[in-house]
Amino acid sequence: MSEKLWGGRFEKSTDEMINEFQASIGFDKRMYREDIQGSIAHAKMLAAQGIISADDAEKICAGLEKILGQIDAGEFEFDVALEDIHMNVEAALTALIGAAGGRLHTARSRNDQVALDTHLYMRRQVREVQRLILELQTELIKAAEKNREVIMPGYTHLQRAQPILFAHHLLAYFCMLQRDYARFEGVHARADIMPLGAGALAGTTFPIDREFVAKELDFGAIYSNSLDAVSDRDYLLEFLSAASILMVHLSRLSEEIILWCSREFGFVELDDAHCTGSSMMPQKKNPDVPELVRGKTGRVIGHLMALLTTVKALPLAYNKDLQEDKEGIFDALDTVKFSLAVSAQIIAGMKVRAADMRRAVEEDFSNATDLADYLVKKGLPFRQAHEVSGKLVHYSIGRGVYLKDLTLDEFQKFSPLFDADIHDAIKPETCVAARNSQGGTSYKQVDAQICAAYDWIKHYGNNN
């Protein structure tokens, strides 16, 4: 006879290799809290509906609380032969309280049970991811406020383009993370739907009260179709999609930090506590942490591709293939949370080299647009002003100087519209201050962005 809780149909025990292959306890045991939470709510509902006795429900709930304490304390021994977290808990419960433990599984299936566990787990973890997003955003705002006067080159095509405030650059990542936060809010909404009561696929013959369980577990909605309830993994796909986009943002930030702390840029220096050295080259200070964040982005994107591939051809309702959702989800969660936490530390410990950034702005031609704008304001059409500015850049390069080094006479050789105020007009501070359009890089606009960012953090920090 089979030793399995479902073994009545079988004459043979499961082959040990098959046990190992199909068991999920090695990874789904991290959902033990959700599994027990869901079972307690289910037991209370069964008693409220008269499906089991109040005495049995009381024994079940007390037994489950005791098992929860054992697992929390590291005193619970998981058995791979019992396959998953559900059967490990149920077997322990029955051993602890006797026949009453066998009544817990009335009116439910492992199909809707695992769906419930995953919804509960994802709902909780999404809030943790959002909290870590807020922490990183807070460090970005602090760094922006601390360096609100620092000017750096803004880039397009990785070529110096126009002077901008370093704070403006950091706040761009704050905005990306705002969208990430909103995407995870959507994930939470889709995880906040209760599947329990769907049974294996078709519901149950028992007079259950799904609203009772939803209220106990604080779900905002209930699946309206039992087939959909046990087979839906959209919310996990949405999580992996949001996680992948978030990791892309962290990877872009990491790439810039890696560039900025190189000798070629020299814009920032990372804290010694966040870097490693070389076993051969004593002068090295390697930005390993942002490099790892950049590298780990690929594995999160890979988990999205893997789950999309898993579900793309599954017929309704439950299939064992869906067990493959857990490991990728768990790894993606761990990776995202760790990457957010270390990125916040990197920003908090980063030293900004304002003088080097200023030197980079002065020793380039990123003020050429402002030169053209100067002529436009004097009445010259932009296309002609653009041409004059381009010729002045070419002229300066040929002489090994920058626009700021040219005399008024040299400027006037290219256009009589240049006046004595031209040198003032192309100073980095003037270029930055002039870009006062909404959302621009001017001091006034960046101050407004910092204030708005703090307000946003305060609002969502209180709600998280």
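A search of the whole structure, which is a predicted model, finds 31 salt bridges. In general terms, side chains of opposite charge can pair when their charged atoms come close. One of these bridges is formed by Arg 30 and Asp 334, whose closest N and O atoms are 2.9 Å apart. This pair links distant parts of the chain, since Arg 30 lies in the loop between helix H2 (25-28) and H3 whereas Asp 334 belongs to helix H12, 304 residues apart. Arg 30 is partly exposed, with a relative accessible area of 31%, and Asp 334 is likewise partly exposed, with a value of 34%.

A salt bridge is also found between the side chains of Glu 238 and Arg 190, at 3.0 Å from N to O. Here, too, distant parts of the chain are linked, with Glu 238 in helix H10 and Arg 190 in helix H7 (residues 166-191), 48 residues apart. Glu 238 counts as partly exposed at 26% relative accessibility, and Arg 190 counts as partly exposed at 36%.

Glu 269 forms a salt bridge with Lys 285, and the closest N and O atoms of this pair are 3.0 Å apart. Glu 269 is placed in strand E5 and Lys 285 in the loop between E5 and H11, so that the pair, 16 residues apart, links distant parts of the chain. Glu 269 is partly exposed, with a relative accessible area of 27%, and Lys 285 counts as partly exposed at 32% relative accessibility. Through salt bridges that share partners, Glu 269, Asp 272, Lys 285 and Arg 353 are joined into one network.

Attention now turns to the helices. Helix H6 (residues 110-146) consists of 37 residues and reaches 54 Å from its first C-alpha to its last, which is close to the 54 Å expected at 1.5 Å a residue. Because 27 of its 37 residues are buried, H6 is largely enclosed by the rest of the structure. The N-terminal end of H6 is capped by Ser 109, a side-chain oxygen of which lies 2.9 Å from the backbone nitrogen of Asn 111.

Glu 34, located in helix H3 (residues 32-48), is buried, with a relative accessible area of 1%. The side chain of Glu 34 is joined to that of Arg 124 by a polar contact of 2.7 Å, and, when neighbours within four places in sequence are left aside, Glu 34 is in contact with Asp 117, Leu 120, Tyr 121 and Arg 124. Leu 333, found in helix H12 (residues 325-349), is buried with a relative accessible area of 0%. Not counting residues up to four places away in sequence, Leu 333 touches Tyr 121, Met 122, Gln 125, Val 129 and Phe 239.

Phe 265, in the loop between helix H10 (234-260) and strand E5 (268-269), is partly exposed, with a relative accessible area of 21%. With residues up to four places away in sequence not counted, Phe 265 touches Tyr 155, Leu 259 and Trp 260. Phe 265 and Met 357 are 92 residues apart in sequence, yet 8.3 Å apart in space, C-alpha to C-alpha. On the surface, Val 248, Ile 301, Met 305 and Leu 308 form a nonpolar patch with about 290 Å² of accessible area together. Helix H11 (residues 288-311) contributes the largest share of this patch, three residues. Met 305, which is placed in helix H11, counts as partly exposed at 44% relative accessibility.

Note on methods. Residues are numbered from 1 along each chain as its sequence is written. This is a predicted model: local features need pLDDT of at least 70, side-chain atom pairs count only at pLDDT 80 or more; totals for chains, interfaces and linings use all residues. Side-chain values use heavy atoms; hydrogens and water are left out. Helices (H or I, at least four residues) and strands (E, at least two) are DSSP runs, numbered from the N terminus. Buried means under 20% relative accessible area, exposed over 50%, partly exposed in between (1.4 Å probe, protein chains only). A polar contact is a pair of N or O atoms within 3.5 Å; within protein, one must be able to donate a hydrogen and the other to accept it, and residues adjacent in sequence count only if both atoms are side-chain atoms. Contact means heavy atoms within 4.5 Å. The expected span of a helix is 1.5 Å times one less than its number of residues. Patches are made of residues with over 30% relative accessible area and no salt bridge: like charges are joined within 9 Å, nonpolar side chains (Val, Leu, Ile, Met, Phe, Trp, Tyr) within 5 Å. Accessible areas come from the Shrake-Rupley method with a 1.4 Å probe; for residues, only the protein chains shown count as cover. A salt bridge is a side-chain nitrogen of Lys or Arg within 4 Å of a carboxyl oxygen of Asp or Glu.
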